[in-house]
Amino acid sequence: LGIGVYRDEVNVWMSMEAYIVNACKVIGVTAEGKTLSAPISDPIDTDSPELPRGQVKAFLTATGMLGWLAQTVRCDTSYAYSRIAQHCAHPTESAMKAVRRCFKYLLQTKHLALCGQYDPTERVLTGTLAEADEDRNPFRFYSDSDHAGNAEIQNKRRSQNGFLGTLHGAPVIWSSKASSVAFASPNIGEAHADMSSGAAEVYALGNAVTDTLAFSYAVEEMGLEFEF
C-alpha cells in the first residue's frame, strides 16, 4: 500500500515518504526550485489547451496516485486532489501543471506524517492534547464550506465541503469534495438567491453528520466506544 508505519516507546507514525519519492520518479517531478507552502494556490485555467492524447494517461496516473495519498495519510492534499480530479474527463495543460506542482510540494514535504502517542496498554492511540484526554469522548469533528468559490466551468459553482475527524488530536477521517448542489447556472450568473453562505455551511454540516455516523459504525465494529 506504500504506507510506512513506525513506532517507538512514545509515538506511532504513518508516513508516505517512500511512495511519494517513487511517484515523483514516475512522473518526472523533482524538489528543485521555489519552496512551496501549499499543494495548490492558483485556479486551473479552463481555457488552457487540452492535453495531447499521449499525455492524458500520464495525467490520469498522476491524479490517481495523488488520490491515494490524499485518502491515506496526506490529508493536506485532499482539497488539491478534489480540484484537480474534476478535470479528468478533459485534462488540460493547466491541470497537468497543477498536479505536477502538487507532487513537487509533496516531495518537498515528504517527511510529514500522521503522529500520535502510543500506549501499549491501550488498543487505540492516546493523544497529546490534555483537554481532549480529559473528555469522555476523545473524538472531535469539524466541517466547513466556502460559498460557490470555484469559478471553473466544470464545477458549476458548487461549494467545496471540508470534513475532519480526530482522535485525541490525530486525524483519523477527512474529506474535501464539491457539494452535490449547484449554486448557479449560466442563465443566472450568480448564486441562487435561496442558497446563502449560511445554507452552504448547513448543507456541509449535514454531509459531515452522515460521514460521522458511517464512521461511528466502523468504530463500534472494532470494539471501541463512540459517544455522541
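Which helices and strands each supply at least two residues of the lining of the largest pocket? The legends below take up this question, beginning with the whole chain.

**Figure 1. Overview of the predicted protein chain.** This is a predicted model, in which local features need pLDDT of at least 70 and side-chain atom pairs count only at pLDDT 80 or more, while totals for chains, interfaces and linings use all residues. Residues are numbered from 1 along each chain as its sequence is written, and side-chain values use heavy atoms, with hydrogens and water left out. The protein chain has six helices and six strands (DSSP runs numbered from the N terminus: helices are H or I with at least four residues, strands are E with at least two). From the N terminus on, their order is β-β-α-α-α-α-β-α-β-β-β-α. Of the 228 residues, 38% count as buried (under 20% relative accessible area, with exposed over 50% and partly exposed in between; 1.4 Å probe, protein chains only).

**Figure 2. The largest pocket and its lining.** The volume of the largest pocket is about 820 Å³. Among the 33 residues that line the pocket, Met-14, Pro-171, Val-172, Ile-173 and Trp-174 are the closest to its centre. A pocket is an open set of points on a 1 Å grid over the protein atoms alone, with protein on both sides within 12 Å along at least five of seven lines; lining residues have an atom within 4 Å of a point. At least two lining residues each come from strand 2 (11–15), helix 2 (53–72), helix 3 (78–85), strand 3 (113–117), strand 6 (170–182) and helix 6 (197–221). Strand 6 provides the largest share, nine residues.

**Figure 3. The largest cavity.** The structure holds one cavity of 30 Å³ or more (a set of grid points where a 1.4 Å probe fits but cannot get out). About 50 Å³ of space lies in the largest cavity, a volume being the space filled by probe spheres set on the points, which are joined across faces, edges and corners. Its lining includes Asn-161, Phe-163, Lys-177 and Asp-211. Strand 5 (158–167), strand 6 and helix 6 each supply at least two lining residues, and the largest share, four residues, comes from helix 6.

**Figure 4. Val-209 on helix 6.** Val-209 lies in helix 6. With a relative accessible area of 45%, Val-209 is partly exposed.
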